[in-house]
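Subject: Structure for you to look at

Hello,

Here is the structure I promised to pass on to you, with the sequence beside it.

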Amino acid sequence: MRVRINQKLVDEMAAPTPPTVRWDLWDLSIPSFTLRVGRRKRVYYVAFRNAAGRQRRYKLGEHPIMTADEARRAAIATLAAVKSEGRDPAAERFNEKTRRKDLTCETVQAVWEKYKETPNHKRRRTAVAFERMFKGDVLAHIGDVPVASVTSSDVRRLRDLKANTGALVTSNRVLTGARTFFQWCVEEEIISVNPAATVRKVLKAEPTRERVLSDAELQALWQATERFVYRAGAYEGQPRFVDRAYIRLLVLLAQRAGETRRMRWSDLDFDAATWTISGRQTKSGVPALVPLPDLAIETLKTVPRIEACDFVFSKDGKAPMHQQSGMLEDLNLVIGEGIREHWTLHDLRRTARTNFARLGVGPDIGEMLLNHSLHGSRIRAVYDRFDYLDAKRDGLARWAAYVATRIATVSSACAAVTEPSRIKAV
């Protein structure tokens, strides 16, 4: 039956009798545009022949989710794609369903390999740390499970495995990572429900750290880096020049550990005594210009440069060094009783910021030195274009002088040294 398919017709169309019968109504203006009326559904279709000459029927949508006008426009667009581009929408939909079915049957490990190649993941500032966490705390336990079979109970077990060891904050990180991954799977239509969506964090509000190293602890840390040597391997007994400089620059410059690890020689200007951190590398996305006090420059000159490598802190000449817990464990062995309470690299930033205030550095300058966003920073960013470099330089110079007074032998600690075995990367 040929009719003019419009919304009024669809709304008023009664179900066919008997119930087992279906009616196909063909449109007068678009002959291949069809409304199929069944006992329960009214479905819009469009018919066409593909490039091979085979007759195809392509489902456009159902009433009332799709209106008659929307179905008509979709039919016109589908027919245009078939005619002008030689496409077969019905085959494309079938192939997509097959692909999703195959992905659904794939393991978490297999789908993870696809996820980590996505642009969004690669642009993640913490991509390396995220991958390390996901491999150790998620894939190690459910990597061989089909992604569609993962349940909320599985995710809850991953969370609790960390929480039961007392690592409550890390447990939250594992849950957040799992939630991010499975949400991507939902968006890609690999699965229909995020199994981590309803799982709650063990800590609703994570405690803020308040650890600030005392002057005695700071002195013990600095002097320990002077005695810091490799305990095993090819460099056993040799000074750990790279690690030493890295720790000392964290103390002197108060920058984030990850941003410091990714420091490049090309970003350093020794004549101007500055280090430029691009917005792509900073947590806030805002570029930072960090003044370099004399003690920081002397420390940087102790780092042996690897041929054809732009990274200041690199062990292989190809990439910045990883933040290894083993390095801190080795350093703590050297420190011994000098620091009894647990400390982290990030505590060095808090220590510096606390001492900025003690040394008379203004609150705004102190926050700028840490590359923090200031109150009302959006407006200030528009109208205040001054870089406050001199004020920041004075603040870090005061802090460097303060640190120097806590060092037993400053001259030996900053003497230029070389490590011939590391000049060329292997």
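Two strands are said to pair if DSSP finds at least two bridges between them, and the helices (H or I, at least four residues) and strands (E, at least two) are themselves DSSP runs, numbered from the N terminus. With that in hand, strand 7 (residues 274-277) and strand 8 run antiparallel and are joined by four bridges, and Ile 277 has Ala 288 in strand 8 as its bridge partner.

Before going on, please note that this is a predicted model, in which local features need pLDDT of at least 70 and side-chain atom pairs count only at pLDDT 80 or more, while totals for chains, interfaces and linings use all residues. Residues are numbered from 1 along each chain as its sequence is written, and side-chain values use heavy atoms, with hydrogens and water left out.

The two strands above belong to an open sheet of three strands, in the order 6-7-8, with antiparallel pairing. Strand 6 (268-269) and strand 8 (288-291) stand at its edges with a single partner strand each, so one side of each has no neighbour in the sheet. Helix 17 (residues 389-404) lies across strand 7 and strand 8, running at about 45° to strand 8; such angles run from 0 to 180 degrees between N-to-C directions, with axes fitted to C-alpha atoms, for helices over the stretch in contact, where contact means heavy atoms within 4.5 Å.

Another open sheet has five strands in the order 1-2-3-4-5, and its pairing is mixed. Its edge strands are strand 1 (2-3) and strand 5 (55-62), each of which pairs on one side only. Strand 2 (residues 23-27) and strand 3 (residues 33-37) are antiparallel and share four bridges, with Leu 25 opposite Leu 35 in strand 3. Strand 4 and strand 5 are also paired in the antiparallel sense, over seven bridges, and Arg 49 stands opposite Gln 55 in strand 5. The hairpin of these two strands has five residues between the strands, and there Gly 53 takes a positive phi near 85°. Helix 2 (residues 68-85) lies across strand 2, strand 3, strand 4 (42-49) and strand 5, at about 15° to strand 4.

The largest has 55 residues, and Leu 221, Phe 313 and Trp 343 have the most contacts inside it. Helix 10 (residues 241-253) gives the largest share of this core, nine residues. A second, separate core of 25 residues includes Phe 134, Val 138, Phe 181 and Phe 182.

Phe 134 and Val 138 are also among the buried residues of helix 6, which are covered by elements including helix 7 (152-163) and helix 8 (168-187). Helix 6 (residues 127-142) has a kink of about 40°, centred on Lys 135, where the bend is the angle between axes fitted to the seven residues ending at a residue and the seven starting there.

Finally, Thr 225 lies in helix 9 (residues 215-226) and counts as buried, because its relative accessibility is 1%.

Best wishes

Key: Buried < 20%, exposed > 50% of the residue type's maximum accessible area, 1.4 Å probe, protein only. Core = buried A, V, L, I, M, F, W, Y, C linked by side-chain atoms within 4.5 Å.
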